[in-house]
Each structure stands twice: as structure tokens, then as C-alpha cells.
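Here's a short tour of some rings, charges and a helix. Have a look at the picture, then read on.

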Amino acid sequence: MDFARDLSKKRVETHLDDAAGKLGCSKEEAKNFLLALRIEYGIPDRVTLRSQQIVHTVGDALEAANITDVDAADAWDSVVNLVASKSRDLDNRDFSSIDLASPSALDADDLMSAKIARRTIRRDDVLEVLSAPLNDTENQYPIASNLWMREPSATFIGRSETLQEINEYCREESQSNPAIALLGMSGVGKSELLAQYAWKHAGLYKFVWWVRADSWNSAATDLADLAERLGLPAPDSDGELRQLKQYFLHNRGLILLDGAVTDPSVVRFIPKVSSTRFLISSLDQSWATHMPVIHIDPLAEEEANELLASVLSDITDEKLAILNQALKGLPLALKQAAGYISVSGIPIEAYSEMVHDRASELLRRSAPPEHVGLTAALSITIERLQADYPHALELLWVLSFLAPHGFPTDLFTIEIPLRENRGLGQESSPNGAVEIEQIAAVELEGVSESAVQLLSVFRDHLGLFDAVAELQKFSLVEAQRGGISCHALTQAVVRQSLTEAEKQSAIEAGTCLLNKVANLSPFDSRYWPHYRHMMPHFEALIGYLVSRHSLPSNTLFFYSAISLSLGAYGAKEASLSYAEKAVSAADDLSNISVDTIVFVRILLIDSLTHVDRWEEALRIADESFLLGNDGELDAFSVGTLHTKKAAVLHLQGRLEEAMAEFDKAHAYIDSDLNPEGASSLQRAVKANKANLRRESGDAQGAIADFKELIAGYPEGASRNGLATLYSNLCLSYLDATQFGEALIASKKAIDIDLEILDGFHADAARDWNNTGLALLELDNPDMAASAFEACLRIHERISNRMSTVYLIGRMNLGRAQMAQNDFAAARKTLEGTLEGQESLLGPSHRDVAATLANLSVVYSAIRLFGDAAAAAHRAIKIDMEVYGNGHPELMPDYNNMASAMMFLGNFRAALKWLNKAYDIAVQHFGNGNVRVGMCLEKIALCKYNNGQFDEGVSAIREAMEIFEVGLGAQHAETRACRSFLAQMVQGKYPLDLAVW
């Protein structure tokens, strides 16, 4: 007991000599080892005491067991790893399905029994770990696990050969054929086999993840959670799916795809080569064309009898055999029959006869013969529930129209005030967003009285827990940490037993419950996990709503809320899918306003914009304007449409057209009769116009606009809106060459970003990019590169890889690598960026021109002067087309072209381009601006090398004065300029351009 007490309190020093001697290791290693044995702080529990026995008897025990080929220290390590794995319970140490279903119904003995059952170590367990190689038993524990979603049954019987076959397959070192499917009829125990294997062998894997795979959207939702835990982007596009597969290729994990359909997206997700193993359970026999399969049959008679005997005591084998004969060895049917007999006390012969008679009747009605036993048993149980436990039966009705996986019982008892936690209506929402919520709420006011009464019963915690407990007694549901689950086959049989009125009542009740989730703001990151967890339930219920043409307003509400939530946390393709469904649902409704139709179309425009389908977004916007030709569309909605169209035009580089659209938006919003509701959108329009002003060359005007917006920003308004204003202020300072002020503004934006999701969101990526730009201009390329890398990591994590903003960040990383003089890395980064931009944006986009301009500099640095000139010339052509003659964006293009000409020795041609750049710099930034100095520096070099020595010296002195004032005496540009001046004064000819 002293050892256990000391261990539980981390006092192990007095035991170090003894442990180090027995382990054959240093005292420090022994200390770490003993501390690893500590299971529960302050509690000397049975696991610790068992560990003590192993520690003090290991040598004698091995000898007594005649195990001579295992080193004592290795045996120690293996067995203690086994002990630790038993105690940890995979991220959920107090896990108990009964406990989590109904905490108030448990007493201390029940809880202790559940824990002991989970943590019991059997002789076979010890022999197995001793016989395995040590590197297999070195349990590092999964860095990510969600096995709490599916606890294995405590009454699992048999299947040892099947589990061994799964284990052998998964232990294969080969990366080829990483997946295996368990196929069989519903209720035969496929999911249970997955759970049994995963819980027993999770320690062999880096991560273990349970995926609800009855649709691709459901699977993608669970995989997005895994990706987030692993620091990877969610698999929302082919590129992100490839990245996840790449991680699987090099990391040994376990993915459990439960109830997987052979949807093309699900099939594509499973790689052909991988270190990660994929276990699939499915009814679909077509999986056999994609991978090896194990066919799962009903239990043999001996195993079936053993399963029944584990629940029913004092029953002879003959009677058990009679019951099993009626139920055909189907585990789900056996458990439910045993539950019924245990609760009712009915003699087993009488129950068997009831099942036989009911089965005969079902067969006459052409019921599937393989499930007739279960159907018969369930029909008997349903009749009993109807007679004695009607509320439990009503709960089962509702669960039958939701997904089989854990449904959170909290939804029955909580109430969400619609106006406090609005789902679609935000401060700047058009009328259509509010109307969708309102018509959905009104529609629910008209549900049947039976649905209202059903929900009222379960609004009380005790009523709900009583119903769950009754269903558990009959083995109809399982209650786990994620909620209550009901087997898909049980759901199907229950649905078949309902009248049309009962079906409608259950569907209406389910809709009322999910309406609560849809009223959680999809823009609030606190609720994203709720939407993810509920995705399978939304999909299941929507399927019934659509097929029955029931509650269409709520169907529209669900589509809209799901689209917004998916878009908010980066699942862009899935968001687009639901936006398209929302548009179709709105078109089918006759009782909604034009504002609502336009709002749903705005969702579609946003979704199309996010996946860079700009032309389609513009087409939808133009079509939406036509809906308001009769004056039915309110000014706020028209203004929002103009804003969305302007945003797309801005992304396309059509700046004048974008500014015109923002002007229209401003005019419509100002004319709205509700100025308070329009204030947020007014700020957004003003900010966008200021941005366009900046991009058109008026940086100082943009600075003034953004300062005014920040100063007048409401205290209670969105914090990320304020961060966006600081971000745009930073960009304006950068354009005005006020680099210190730019860094301060970006720092303020990042401080706000870190308040939200720990800084892992798109706004934070934007602001890290801006910080990198400021640091680059302040001659700190190492910190700039780190900032750009932080930006890219965030984009990759939130599924923005290969988007336009990701590629801009990658281009800027290339610029930082140039400043670090790592031109080989810069070339690789920029050429990869250019390829991505041309594929995504086309060959004539302004972002392509920016990357070409930077590539021109890299090519010059590595003496590929012809390539440098070609890249610069192409950038000039693009920017001339996008911006027009004399625009500031042309200035770096002209400079790059001049640099290439200078390195080729053609100083006369270089001067032609430099004079163009100089005229733009003076016109837009003034004579003392750093950009003017950069032009003067190159002009000086060209004139000096062209034999115009005095003019060259005069120009370099002027550039030097500008740099010392604008950048400081120690800036790299200032130092280079000083070196050129020294060479000219010394009369050196030709000049050494390597310094530059």
C-alpha cells in the first residue's frame, strides 16, 4: 500500500533504487517509468496495485509461467503498457454508456462495476503482449481519437477468428491494399466488430477515428474534425483530399468507416497505398470490387446461446437453442429478445412461440426472410412498449427518422430564444434572411397536437431519462457520450410499424428539435462543432421531409443554415452544394417574398465566389437583379446584391466596374428606412470603396477613410470587422511607404484575430501576410518569411490551399526568400505559385502579373536575363490591360524590365523603362518618396554606365538623401546606394552591380 500511495502522490524517490535494479536502467529512467504508472491522482486504485504486483514479481512470474525467451525488462514494459491502455480508456477515462445516458440513475456500485469491467486484465491479454515484439506493444496512445462515439458492447461473444483475421490484415507492413470491408446483413454485428478491434488495438496507431459514413457529407464532416486535430485542411476539395491521403501514406492510423456507402466520393477517399488502415462496415456487397472483404455471418448456435446466457441466467441450453432457432443467430435480435425476456419475465418457451407465430405471419406478408426473426421480436417489444411504456415508444419513433448515430438528448430539454441566437439574421442581414427564420417558426406552430405533446413529455429531464432507460432495458438504443443511438435496422422496422399519422408526428417532432440547432448562429465558431455533429441527423431528416413534401419552410431553413455554417468553417464545396439545394427549395415555395428568394441566391453567389467560379456568380447576381424590377425588392437587399457583385468584380481585377457597383450599393443602403440595421453593411461598403481607392493609387485618401471607420467603429460590433479595418489600414500604409505604421496596424489586427479560434481562421492568415509585407519592407526578411509561413499554415489547416489568397501568400514567401538571397528556393516557390495562379485565374490576371514581376527579379539574380526580360514584359502587358497606362501597379513592372536590360548591358533600353517608372512614382507618391528614390538609383546606374558620369553621380546623391530619410542609414537599400556612390566618386568603371 505504501508503494501505491506514494505513486498516486508522485513520491517515487524511495522506490528508485529497487525499480532501477529490476529494470536494468538508470534512476532517472526508473523515475520516468514509475511516474508513467500513475493512473489516477490521489487514488491508489486497483490498476496501480496490480502494477505493484507486476513490478515486484516479474522475474518469478516469468519463470513460473515457463516463459524463458522474454527479457524481464521487456516483459515489464509490455505489461505496464497494457495496464496503462486499460486505464486510459482512449481520451475518456470515466467512460460508461449507462453513466452518460442517465447520470441521475446510477449508483456508485454500477459505476464501479462498469469501470472494473473496462479495466480488467485477463491472462490471455498478458500472454498476448508478451508474445508480441516489443515495438508492437510500445503503446504511444493515439494523438487523436474519437472512440467515445462508439463504445464496444460489454456482452460481446465469439468472433475471435474474425477479430484475429482483422488484426493480421491490419498488422501487415505493406502499404498496398490498406483497406478491408466487413460485409453482412444488417444487425449481424459489423459495427461491433469494428469497435471491438479499435478499442483493443488503438495503442498501435497514431490516430484512431470513427467516421459515420452513410453519406459523403456525413463522412466529410467527421473527417474534417480529424483533420483539425491533426493540423490538416478538411477534405473539401481534391487538393485537400490529396493532402490528407499524403498524411495517411506516411502515418500509421486507423480509420473506421461505419455503414459506408459506395458513393464515388467515399470510394475515392480510400487510398490504394497507405500506412493508415481503413476498416469498413457495410451492407453494400459492391465493396468487394474495391478491396478485400470479410463476410460476417450470424452467430453459430454455441456462440448465440452464450450471448443469450450472458443476459438471461439459469436458462438451460435446450431452451436457449429454441429461442436462437427462432432468431437465426442475429446478434441484434438476440440482444433485444433477451432484453424483453429479462424485463417482462415471460417464460422463454412462450416468447419463442410468440416469435415463431409472428415470423410466420411476416413471411406470409413477404417480409425479408433473413430479418424476419428480428422483425418479429421487435414487433413483440413494440406492443409491450405501447401498452406499458408509451412515452419510450414515442421517443423511439422520433429517433427512427434521424441518423442511427448518437443524437444529443440535450436538444429535448433546452430552449434557444430565436431573437437572442439568430441563425441567419445578423446585424446586416437582408429582410429575406429574417423571413426564412420567421416562416420556419410559423410553420412549426402548425404541427400536430401529438407532436407537441410528445416534445412536452421529454422537455422534463426525468421523463426523458425514464424513456431512455426503458429503451435500454429492451436493448433498443445505446446511450453513449455523443448521445443515444438506434440501430438502422431497428429504425427501419419501427418506421414500418407506424401509421401515416404517427410518422408525421415523429417527423414534426424531429424537425422542431433540429430547428433549435439551425437557430444557432452559423457565423459563430462556438457552434461549428454542433453543426458538424448534427450533419448526419440533418441529412436523414431532410430526406424524409423532401420525400413527403412536408414542412418545406424548415427544409429551406436547414439548407440555408447548413450552407452558411459549412462556408464559415471552410468547407466550400459542401457549402455550395447546400446553397444550390436552398435555391431549389426556395423556387418550390409559393409563400415567400422576393427578398427571401434573393437572399438564398446571395448564399449561392457567396458560395460560387468562394470556389472561384466568378462568372457563374456574376450571372446569378444579374439574374437576381431582374427579380426586383417591379419594385418588390427592398433597398437593403438590392444594396447587398450590388456589394456581392462588386466583390466578384474586384477579385477579377475589374476595379472601375467594382467601384461603380459599390457606389450603387451605397446609394441603395443609404435610402433604406432602417438605418440602424444597415449600419454594418454601410461600413462594409465604405471600407471596400476605400480599398479600391487604395488600389487605384490614392493611398493617403484610403488611410484617411480607414482611420475614420476605425474611430467610429461601434463598441458592440463584430471584433473581426474591426480587425479587417486594421488590415486594410496596414495595406494602405504599405502603399504609402509608411512601413512602421503598417506593422503597427497589422499587429493590432493580429491581436484581435487571436481572440477568435486561437488565430486559426482566414482573417488571421490575411493579417500574418500583411505583417510579412511590412517586415519585408523594413528589411527583416527572416521574420517576414516566418510570417508568410504562418499565413500558409493557417490556409492549409482551414482548407484554403490553392485558393487565390493562399497563392498570394505563397508568392510573398517567394519574395521573402529573395530577400534572404535564397534564389533557388524563391524560384521554386514562385514558379509553383505561377502555375497555380494560371490554372485558377487564367493567364491574364493581375495576380499572375505580380508573380511574373517577382520571377523577373529572381531570374535576373541567377543570371537568366532573357527569362527575366520575358517575365517582366508579360507582367507589363497584363497590368496595362488591367489598370491602364500610368497606374502605380506598372511601376515595379517597368523597374523589373529595366533591371533585366541593365544586366544584359543595354542601359539605353533600361533608361526608357526607368523614366516611365519615375514619372509614375513622382505623380502618385511625390518627389521625396522611397519609390522615387529606387527609380533614381537605377537611373543613376544606367547613366553612369552609359558614360553620363556627372548626371549619374547627381542622381545617386538624390536617391541617397531619399533613402536616408525614408528608410534609415542602415537599411539594405541605403547601404547599397552608398556603395554605388563610393564607386562613382572613385571613378570606377564599369560599376560592380553585384552589390545591388
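This is a predicted model: local features need pLDDT of at least 70, side-chain atom pairs count only at pLDDT 80 or more; totals for chains, interfaces and linings use all residues.

## Around helix 28

Residues are numbered from 1 along each chain as its sequence is written, and side-chain values use heavy atoms, with hydrogens and water left out.

Helices here are DSSP runs (H or I, at least four residues), numbered from the N terminus. Helix 28 (residues 552-568) has 17 residues and reaches 24 Å from first C-alpha to last, close to the expected 24 Å (1.5 Å times one less than its number of residues). Of those 17 residues, 14 are buried, so helix 28 is largely enclosed by the rest of the structure. Buried means under 20% relative accessible area, exposed over 50%, and partly exposed in between (1.4 Å probe, protein chains only).

Now for the rings. The whole structure holds 17 aromatic pairs (Phe, Tyr or Trp ring centres within 6.5 Å, using the six-membered ring of Trp; planes under 30 degrees apart are stacked, over 60 edge-to-face, the rest tilted). Phenylalanine 401 and tyrosine 544 form an edge-to-face pair, 5.0 Å centre to centre with 80° between the planes. Phenylalanine 401 is in the loop between helix 20 (390-399) and helix 21 (410-413) and tyrosine 544 is in helix 27 (residues 528-547), so the pair ties together parts 143 residues apart in sequence.

Charges also sit over rings (NZ of Lys or CZ of Arg within 6 Å of the ring centre and within 35 degrees of the ring normal):

| Charged residue | Ring | Distance to ring centre |
|---|---|---|
| Lysine 581 | Tyrosine 578 | 4.5 Å |
| Arginine 683 | Tyrosine 713 | 5.0 Å |

Definitions and conventions:
Helices (H or I, at least four residues) and strands (E, at least two) are DSSP runs, numbered from the N terminus.
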